[in-house]
Amino acid sequence: MNEQPRQRVIKYQQPPYHNSNRFYRILRWTISLIVIGIALLGSYEYYQLHQTATKVFKTDSAKIDKKLREGKPVSVLVMGTDNGAIGRNKSFWGDGNTDSMELVTANPKTKTLTMTSIPRDMLVKVTHDGDVQYVKINASYPIGGAKLAKHQVSELLGVPVDYYALVNMGVMEKIVTAVGGVDVNNPFKFKYEGHTFKKGPQHLNGTNALKYSRMRYEDPNNDYGRQKRQQQVIQSIVNKFKQHGSINMINQLLDATEDGVKTDLPLSGVSAIYTNYKPTMEHLEKYHFQGKDAKIDDIDYQVATPKEINRVSKLIRQQLGLKPKHVVNNETKLYNMQTTYNGYNHVEFQLPSSY
């Protein structure tokens, strides 16, 4: 008889959660737009970008695939890490842990980009190197690299994941600086981390843009107010990139991200990305994937109901031009086997007894 895979729970240590985490998640989305739209000014200027772009794009992904060539809807898994500069002289698969994940879709037909945030604490079943592991989804990258991370997101949501972008968030201030700062309309005066933000329209540099987006407790709307301020910052970045993009700005963005972004989007596809995917920046949409609180061996997790998995799957598949399908996977089966768990007053989550 074949030996069954060993099953175990990995007690995965999360990086500290900071107030700026939501801003970082949205910023990762912005950088993914830069990656997807890196040749906004046109293919005839492509060679001026080549030297810098080769530091960001994987050298082994030179052949553009059929989807990009024909301008079909594509998806990019954007993973964030705060583990310092991404190494250039060692295996890329071994660099750090991811603290957030977003699935970005680009659909030229609907002229829409979407971002779906995937809770980093979402429980998934991972099979790798003969072991079955029940882990938080952001552990899939250090366990098996970008390939496994893409597989887990695809399995969880029942959607294809075409590419990945790994982003280190130490580049944030450089990104804002590269676009010449951001313009926001502050709803009320407040002071945060030594800087006073006046009420009304104002221009912020990279350092103050982060501070503006981090403040929470003085906002009468708490998280909602903070999210609105974060959206102002990101919208300003996107608008400046769309309206005032130049070869110089693109090179500054690439310089800012060269030690902080790595992707398997093909370098040879830059002109096709420009031609086929520039229209997708006309409309920006954000989806929210909501989990429930859970505990396993005193470790906090998030789990998604089958209903929520199928709701989000339907939204993403629609953006990719695919028909909806009913998702039945490891996570829906695990949820359905629970007898007392409800995610509210009963949060103890049971794993299969065979682990």
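**Aromatic rings and a buried threonine**

User: Is phenylalanine 190 buried or exposed?
Analyst: In this predicted model, phenylalanine 190 has a relative accessible area of 3%. The cut-off for a buried residue is under 20%. Phenylalanine 190 is therefore buried.

User: How many aromatic pairs does the structure hold, and what is the angle between the planes of phenylalanine 190 and phenylalanine 197?
Analyst: The structure holds six aromatic pairs. One of them joins phenylalanine 190 and phenylalanine 197, with 4.9 Å from centre to centre. Planes under 30 degrees apart count as stacked, and this pair is stacked, with its planes at 25°.

User: Why is the pair of tyrosine 341 and phenylalanine 349 edge-to-face?
Analyst: The ring centres of tyrosine 341 and phenylalanine 349 are 5.0 Å apart. A pair counts as edge-to-face if its planes are over 60 degrees apart. The pair is edge-to-face because the planes of tyrosine 341 and phenylalanine 349 lie at 85°.

User: Which residue's backbone oxygen does the side chain of threonine 263 reach?
Analyst: Threonine 263 belongs to strand β12, residues 261–263. Threonine 263 is buried, at a relative accessible area of 0%. At 2.6 Å, its side chain reaches the backbone oxygen of tyrosine 164.

Methods. Residues are numbered from 1 along each chain as its sequence is written. This is a predicted model: local features need pLDDT of at least 70, side-chain atom pairs count only at pLDDT 80 or more; totals for chains, interfaces and linings use all residues. Side-chain values use heavy atoms; hydrogens and water are left out. Helices (H or I, at least four residues) and strands (E, at least two) are DSSP runs, numbered from the N terminus. Buried means under 20% relative accessible area, exposed over 50%, partly exposed in between (1.4 Å probe, protein chains only). A polar contact is a pair of N or O atoms within 3.5 Å; within protein, one must be able to donate a hydrogen and the other to accept it, and residues adjacent in sequence count only if both atoms are side-chain atoms. Rings of Phe, Tyr and Trp (its six-membered ring) pair if their centres lie within 6.5 Å; planes under 30 degrees apart count as stacked, over 60 as edge-to-face and the rest as tilted.
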